[in-house]
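Please keep the sequence and the structure in view while reading.

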Amino acid sequence: MQGYFWFVGKRALQLLAVVFFGISATFFVTHLSPIDPVEQVLGRMTARANFAPEAIVAMRQALTEMYGTNEPLLSQYINFWLRLMRGDLGPSLLAFPTPAMALVMRALPWTLGLLITSTIITFVIGNLFGGLAGYAQDNKFFKAFGIVAMGLQPIPYYIVAFILLIIFGFLWPVLPISGGFAMNVTPGWNWTFVGSVLTHSILPALSLVLVGFGGWFIGMRALVSNVVTEDYVTYAELAGVERKTIVGGYVMRNALVPQFTALAMTLGGVFSGTVITEQVFNYPGMGSLLIDAVNAGDYSLVLAVSTVSVSAVALAIFIVDLLHPLLDPRVRAE
Amino acid sequence: MLAVFRDLLRYNIEFAIGIVLVGLVVIFACLSFFSPVDPSLIYMTIPDQPPSAQYWFGTNSRGQDLFWQLSAAFRNSLMFGLTVAILSRIISIAVGLASGYIGGWVDRVLMFINDIFVAVPIFPVLVLFYFVLRNNLDSFTLALIMACFGWPFDARLIRSVALGLKHREFTRHAVFAGMSTRKVLLEEHLPYVMPIIFSTFMNNMLWSIGLEVTLAVLGFTNINNPTIGTVLYWANSHSAMVVGTWWWIVIPVILIVMTFLGLFLLAISMNEYIDPRSRLRRMGA
């Protein structure tokens, strides 16, 4: 058990490092760039209306004070961390004066829901079918499945989402292709709302699953076809252990360990996929928020989304890593 | 080298299909060197013409011949993928070999950095770079940024091979013969990791071209530079599917799928070739 605590401690340290470096990088990229947020906002505001020169000067002063860009970089950096600890990243310009963090928190459940469900479905389908395909190598169904998996796997998220959009938007319009729920439904814990949310999530989730399961399938098939040749499997077969027990308890369980490690490593990539999928299907999550923020030149909101997404992905990886020893007793013992 | 190539073609159907697909796309992209029109100019032909004998892939709403437009776009995207792959290979070879061979605290520090890079979601970071650089973000800068994020997986792979090589007889011989660390790594160990580098090269190209498509489709790159992604960006911004200029979307998508499938098949067949057991199984031995 002491080994497990060491393991957790080491991972926690890594988590903190990732979050610290990720957020610091976000800060320095935005603050060392030659582009001044104050001038950006000012440019956008003055483009839409006529202002007196004095008003512009006053506005520049107010904005400089708000962003704190007149202070030295180091104190800005310390300030940034102090404010971040309180969860405050300044007001969003997109929906002034709503705090940027409030917008992010509103979008976060959508992205998390989509990400978690589709990752679990992808992982289960890919590994289950991949494991069975590795065990029954001559099965025609799994061979066909393997070809489909291989054909879908390398295609970028955007293209798959886009093809789904064309199929279900133009050719066979049965599923909703835009938004998180129907416009005429009031949010709340009732069946119409939940049902609406579920039907709206089918296409975004489907596009993530279609791209994702192939990698797991191919990996698991290769792993299982190696494990099957091990002596203990032959022994179990000769000893008359039931097929189900061999596949489930001996073969799959051993092959699943490296797949679980891989799960933690792919989460960052899956998050990127989610961002794109959300944009294609106009889903009200973090991805859409990020893209809107960039298009509107909203400095605080871009910072808030990047900060939260870096931390959330790091945290997710940490959690998967913690679950790992529960699956593999050898890691626990180390 | 040629014998390896012949064996792969003969015994590995995936490799054969992959080479045909990638070959077609590369030839198509190379045609852009003989392009009669400058692909960055607009309103050079009649807009919205369906595919015909004169315009093989039709023309788009911006008055560009899609055949030459796509040809230039694929050349730019493939060049982009190559640049990212080469740059990130250099980083991953350096980190992987050094980390595996030297070991100790060098290994620990490098792998710690490695783990940080693995955990950072790349897409928000790229969007952030676009956000601050805007139109200064040309494709070489983008390639440089992506290369900085594309190495950690492969560095770990190379490190695991280098760890095995470290305790082999020939490494000890080389060290006793007075070879410097740099020489051992470059002349003794590098040839052993070359096959891995080739197969990860393809995967890295897939990854970087895919990301570029995504960024460009959202309009987060220089949209006047024809690439696979910007072609789709313009098609979307002219609502090609709604207006009925389907060839503007369908033809690029078919070509993209060909490229990705081809590169992917090359990568996995090379991966299989590296593993001698699966190679023998395939050759029927």
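## The annotated domain of chain A

How much of residues 108–320 of chain A is helix, how much is strand, and how far apart are the end C-alpha atoms? In this predicted model, the chain over residues 108–320 of chain A is 81% helix and 0% strand, and the end C-alpha atoms are 19 Å apart. The stretch is one to which UniProt, in an unreviewed entry, assigns the feature "domain: ABC transmembrane type-1".

Chain A as a whole comes to 13 helices and 0 strands, and its C-alpha atoms fill a box of roughly 90 × 55 × 40 Å when taken along the principal axes.

## Transmembrane annotations

For chain A, the unreviewed UniProt entry lists "transmembrane region" at residues 12–32, 110–136, 157–177, 197–218, 260–281 and 301–323. Among them, residues 197–218 of chain A are 100% helix and 0% strand, with end C-alpha atoms 32 Å apart, while residues 260–281 of chain A are also 100% helix and 0% strand, with their end C-alpha atoms 29 Å apart.

In chain B, the UniProt annotation "transmembrane region", again from an unreviewed entry, covers residues 12–34, 78–102, 109–133, 139–158, 189–209 and 246–274.

## Where the two chains meet

The contact between the chains involves 41 residues of chain B and 44 residues of chain A. About 3800 Å² is buried between chain B and chain A, and carbon and sulfur atoms give 83% of that area. Of the area that chain B buries against chain A, Leu128(B), Phe131(B) and Val132(B) supply 17%, which is more than any other three residues do.

The side of chain B that touches chain A receives two or more residues from each of several helices, including H4 (104–119), H5 (122–133), H9 (181–217) and H12 (247–274) of chain B. The largest share of this side, 10 residues, comes from H5(B), and its residues divide into 33 nonpolar, 3 polar and 5 charged.

## A salt bridge within chain A

Over all chains, the count comes to 5 salt bridges. In one pair, the side chains of Arg11(A) and Asp321(A) meet in a salt bridge at 2.8 Å, N to O. Because Arg11(A) lies in helix H1 (residues 2–32) of chain A and Asp321(A) in helix H12 (residues 299–327) of chain A, the pair ties together parts that are 310 residues apart in sequence.

## Confidence of the prediction

For the complex, the predictor gives an ipTM of 0.79 and a pTM of 0.84. Chain B has a mean pLDDT of 85, and 96% of its residues reach 70 or more.

Definitions and conventions: Residues numbered from 1 in each chain as written. Chains lettered and ligands numbered in written order. Predicted model: local features only at pLDDT ≥ 70, side-chain atom pairs only at ≥ 80, totals over all residues. Heavy atoms only, no water. Contact = heavy atoms within 4.5 Å. Buried area = accessible area lost by both parts, 1.4 Å probe. Helix = DSSP H or I, 4+ residues; strand = E, 2+ residues; numbered from the N terminus. Nonpolar A, V, L, I, M, F, W, Y, C, P; charged D, E, K, R; others polar. UniProt positions renumbered as here; feature names shortened; annotations may be inferred. pLDDT = per-residue confidence, 0-100. Salt bridge = Lys/Arg side-chain N within 4 Å of Asp/Glu carboxyl O.
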